[in-house]
Amino acid sequence: MTSDTSPTRRIAFLGTGLMGAPMARRLAKAGYPLTVWNRDPAKAEALAADGATVAASPVEAVRDADVVFTMLTDGRVVGEVLFDAGVVDALKNGAIVVDTSSIAPPIARDHAARLGARGIRHLDAPVSGGVVGAQAGTLAIMAGGDAAVVEELGDVFAALGRVTHVGPSGAGQVCKLANQQIVAVTIGAVAEAMILVEAGGASREAFRNAIRGGFAESRILELHGQRMVDRNFQPGGSSRNQLKDLNAVIALAEELALQLPLTTTVQAEYTDFVSGGGGEKDHSGLLLHLEDLNRKV
């Protein structure tokens, strides 16, 4: 590992919301000089107590930065910040943009090409593990782009979790979509099982405890199964964002001429849940939609 990976490397973090704030906080605590920006200034200012410098604009944040992390809503917003807001013009030659947002693979490849033409290196590096993983520094990071750049940032990624180079530009986003596909289908399966056991006269909590450690064990059963038992649907990951990812999965599947029947079914359920007002509930809140369906039967 080169000496460039020491905490003297200057980092800018754009987007300090639900996931971005704890990720930025991990980098600050690891000793990296950190500048942060968020469209809602209050969310960035909260990181000042952790030693971060708060910038008034994304352009101000990235000046002199060696590495720029983005954790923004979608590909459109990432593009607006990088290109329309002038960030690309403020970046120094050789800087690295690490986009941890979840965006469509073609958009990630386009961003990589446009930045590369300006001498800026780019990784699409979406993450999995939720707010809990971001706080603990145990995120799974799926990095697409140049393997040498991933290796160069090894110490930086180590502050956030475990990074895996998964292929060329766009591959990180493909893997994140596949991850979200598994998450959504598994949430649907756990939610349907919860409905079945209660209708059959069993306790949902006892059911979850009984199958822990068996073949049905998963992080979804552990975390979201408990949310369903507790009926706690304050978002870690919102249903609106889950639907956004599922829509991207289906779009990619159509592009690749694939049929994904389980994913298509769960996408339809999330579409109905979000259109019915559930968009800002946690994605485990799909249980509420399925309960409502069964009350109408």
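Does arginine 240 count as buried, partly exposed or exposed, and what is its relative accessibility? In this predicted model, arginine 240 counts as partly exposed, at 42% relative accessibility. Arginine 240 also takes part in a salt bridge with glutamate 280, in which the closest N and O atoms are 2.6 Å apart. Because glutamate 280 lies in the loop between helix H14 (261-278) and helix H15 (286-295), while arginine 240 belongs to helix H13 (residues 239-255), this pair ties together parts that are 40 residues apart in sequence.

Glutamate 80 is paired with arginine 76, with 2.8 Å between the closest N and O atoms, and both residues lie in helix H4 (residues 75-84), where they are four residues apart, or about one turn of the helix. Within this pair, glutamate 80 is partly exposed, with a relative accessible area of 29%, whereas arginine 76 counts as exposed at 52%, a value that lies over the 50% cut-off. A salt bridge also joins glutamate 217 to arginine 212, the closest N and O atoms being 2.7 Å apart; here glutamate 217 is partly exposed, with a relative accessible area of 31%, and arginine 212 likewise counts as partly exposed at 31% relative accessibility. Salt bridges also link Glu198, Arg204, Arg231 and Glu291 in a network.

Attention now turns to the interior. In soluble globular proteins, nonpolar side chains tend to be buried together. The largest nonpolar core of the model has 33 residues, and those with the most contacts inside it are Phe13, Leu27, Phe69, Val98 and Phe157. Helix H1 (residues 20-29) provides the largest share of this core, namely four residues. Apart from this core lies another, of 23 residues, which includes Ala12, Ala61, Val88 and Val97. When neighbours within four places in sequence are left aside, the residues in contact with phenylalanine 69 include Ile11, Leu14, Leu27, Val98, Thr100 and Leu160.

The structure holds two aromatic pairs. In one of them, phenylalanine 13 and phenylalanine 69 are stacked, at 5.5 Å centre to centre and with 5° between the planes. Phenylalanine 13 lies in strand S1 (residues 11-14) and phenylalanine 69 in strand S4 (residues 67-70), so the pair ties together parts that are 56 residues apart in sequence. Phenylalanine 13 counts as buried at 0% relative accessibility, and phenylalanine 69 is buried with a relative accessible area of 0%. Phenylalanine 69 and phenylalanine 157 form an edge-to-face pair, at 6.4 Å centre to centre and with 85° between the planes. Since phenylalanine 69 is in strand S4 and phenylalanine 157 is in helix H9 (residues 154-158), this pair ties together parts that are 88 residues apart in sequence.

Helix H6 (residues 105-116) has 12 residues and reaches 16 Å from its first C-alpha to its last, close to the 16 Å expected at 1.5 Å a residue. The buried residues of H6 are Pro105, Ala108, His111, Ala112 and Leu115. These residues cover an arc of only 120° around the axis, and therefore they are on the same side of H6. The buried residues of H6 pack against H4, helix H5 (87-90), strand S5 (96-99), strand S6 (121-124) and helix H10 (171-199).

Notes:
Residues are numbered from 1 along each chain as its sequence is written. This is a predicted model: local features need pLDDT of at least 70, side-chain atom pairs count only at pLDDT 80 or more; totals for chains, interfaces and linings use all residues. Side-chain values use heavy atoms; hydrogens and water are left out. A salt bridge is a side-chain nitrogen of Lys or Arg within 4 Å of a carboxyl oxygen of Asp or Glu. Helices (H or I, at least four residues) and strands (E, at least two) are DSSP runs, numbered from the N terminus. Buried means under 20% relative accessible area, exposed over 50%, partly exposed in between (1.4 Å probe, protein chains only). A nonpolar core is a set of buried Ala, Val, Leu, Ile, Met, Phe, Trp, Tyr and Cys residues joined through side-chain atoms within 4.5 Å. Contact means heavy atoms within 4.5 Å. The expected span of a helix is 1.5 Å times one less than its number of residues. The arc is that of the directions from the helix axis to the C-beta atoms. Rings of Phe, Tyr and Trp (its six-membered ring) pair if their centres lie within 6.5 Å; planes under 30 degrees apart count as stacked, over 60 as edge-to-face and the rest as tilted.
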